Amino acid sequence: MLKFLLERDTWQEIFDSLGKNKLRSILTMVGVWWGILLLIGLLGSARGLENAFNRLFGDFATNTVFVWGQSTSKAFRGFQEGRQVSLSLSDAKNIEANVEGVEFVLPRNQRSISATRNFLTGSFQMAGDYPLLDQLQKKKLIHGRFINQNDIDDRKKVVVMSEDAYQQLFEKDEKAIGEYVEINGINFKVIGLFEVGNINMGPRTDMHIPFTTFQQIYNRGDKIGWMMITGRPQFDIKQIEADAKLLLRNLNNIHPDDQRAFGSFNLGNEFKKMTGFLVGMQFLTWFVGIATLIAGVFAIGNILLITVKERTKEIGVRRALGATPYEIKRQIVVEAVFLTLVAGVLGIVTGGLILIIMDYLFGQGPEAAIVNASVSISVVFVALLILVALGSLIGLIPAFKATSIKPIEALREE
Amino acid sequence: MLKINQLHKSYPIGDSSLHVLKGIDLSVDEGEMVAIMGSSGSGKSTLLNIIGMLDEADTGDYILDGLPIKNLTEKKAAVYRNKFLGFIFQSFNLINYKNAIENVALPLYYQGIKRKERIEKAKFHLEKVGLLDWADHLPKELSGGQKQRVAIARALAANPKLLLADEPTGALDTKTSHEIMAFIQSLNDEGKTILMVTHEEDIANMCKRIVRLRDGVIMEDKKVTQVRAEQYV
């Protein structure tokens, strides 16, 4: 068989019979070509969307729930209902220590302030933060650095501000790092400038100062505004949320069934819904692609079958001249495989081109809708392999049909 | 060369069957040129197909060149056809997307002969039928007579023991028919055994022996004085 495939005569025969009717050969190939093109185009763009999505959220710890205090809705242990609940640092520590699956608990404080520099002023939201924030929600720093442990330990009066805040408080092209900004009457040194991303988790904050500085200046004591609880990847964030809230009720003398005492936003859960959509899209892509491929292969089989019928006489002549049934079958199967293979490779190449064009049109810049639209080479090879296998299987049908006709019937005059 | 003994063949038609050949006895020696005649339905084509191993007899013996032809697998039949027999058809049956020389070389391809040798041999046979200049032409670019000559070259290419012709002149005008017959006669002169089916009396008379069939039996089997076709050309 290998020798047969390497012989020039074999290919001469195949090219002759395929070239005899170019239109038919091309139409046959279009089915498979289209199928693999769709598969690659769809898989590539699905991957591109996923990549874009991941890039958008890649800087965030998505397995996170935000929790803050509200007011109680049930009387409990002598406390009236309607009591204001506020979270404390010890709550955060307790959660970190006792709730299963928690990776980090990040306490945060926040308030609105007015900032002044020279004659420029603006009002902003300012948060007191730990360096950990930069890990959970990556800040894109254009200049300087984020708050570090030193700032926390020494309660330094330093501020990291957004580009927007910088634009409001500074002249164009003015150097900001090392300069001072007056925030509610106290001077803070600017240590970093960050770019505001497309997506913000939680309330927007334009200024970050060390958590301990915030505590001291605004006399917060142990109280915190809210906390971010991040779970380890393998743990269910909904369970963590429920456990944390239960623990919080326990610690703060709140009725165990009081659902309103703590407010929360489960980012992990929302994120899961979106990734679920992506998974669904990938499945759909595979389904559509493979179904189209199969349709294409059947088109090849169908057209070969018609071809065989058209070629009944030719096959009869060949057999009268001494072609064995095996030789006839072999030729038809090789024709089928050759057609699918060429169409498949063409489909892969054009599919790749489409992905390149897609990348060129939609994949440029940091806010691209489709990032690095691509298909892994192994997927391509497996698709091609399946295609060739289906091609040879489908080629067998017309091949058997061709040899089931007795040569005498094939040659009989019409 | 060829020996047939009590050959029977019937075809099923619906529930009943049509008895086409009812005990044929025929022997042909090497170098003979035999015309098989008969009206349509007399079984002459069936007989030729059985001799050509395109069809198989129900009962009876068929010995070709000392080799009993019986219960052949398709594969074996194909090999025998290729080795022993050359076919000439009424409608030429050239492969329309192959040029003349490729058509002639086709039986050699199935013999597994190398391309270069194949083309050499095909050239030789094309020259023999006087069409070497037309080697690169497709069948549709050839006249009827030329097509039949290419078909004859193809039949000769594998150097068969027996040449089988099914109405070789049936699709040709009288003049071309005579040219083709003259060529077939010259092949016979060189020693080829030829068996042809025809219903034309003048063509049959250009053979050396006429076998007449009617209703599946041989009515008459006689040697005739060969009419040379050259005189009409």
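Student: Why is the way α3(A) passes α12(A) called a right-handed crossing?

Tutor: A crossing is right-handed if the near helix is turned clockwise from the far one by less than a right angle, and left-handed if anticlockwise. α3(A) passes α12(A) in the right-handed sense, so the near helix is turned clockwise here. This is a predicted model, where local features need pLDDT of at least 70 and side-chain atom pairs pLDDT 80 or more, while totals for chains, interfaces and linings use all residues. Residues are numbered from 1 along each chain as written, with chains lettered from A and ligands numbered from 1 in written order.

Student: At what angle do the axes of α3 and α12 of chain A cross?

Tutor: Roughly 35 degrees, and the axes of α3 (residues 22-57) and α12 (residues 325-362) come within 7 Å. Axes are lines fitted to C-alpha atoms over the stretch in contact, with angles from 0 to 180 degrees between N-to-C directions.

Student: What makes up the contact of α3(A) with α12(A), by class?

Tutor: It has 14 nonpolar, 13 polar and no charged residues. Asp, Glu, Lys and Arg count as charged; Ala, Val, Leu, Ile, Met, Phe, Trp, Tyr, Cys and Pro as nonpolar; the others, Gly among them, as polar.

Student: What share of chain A is buried?

Tutor: Of its 414 residues, 39% are buried, meaning 20 or more other C-beta atoms, placed from the backbone, lie within 10 Å of the residue's own.

Student: How many residues does each chain give to the contact of chains A and B?

Tutor: Chain B gives 23 residues and chain A gives 21, with C-beta atoms within 7 Å counting as contact. α2(B) supplies the largest share of chain B's side, six residues.

Technical notes. Helices (H or I, at least four residues) and strands (E, at least two) are DSSP runs, numbered from the N terminus. A residue is buried if 20 or more other C-beta atoms lie within 10 Å of its own, exposed if 12 or fewer, and partly exposed in between; C-beta atoms are placed from the backbone. Two residues are in contact if their C-beta atoms, placed from the backbone, lie within 7 Å.
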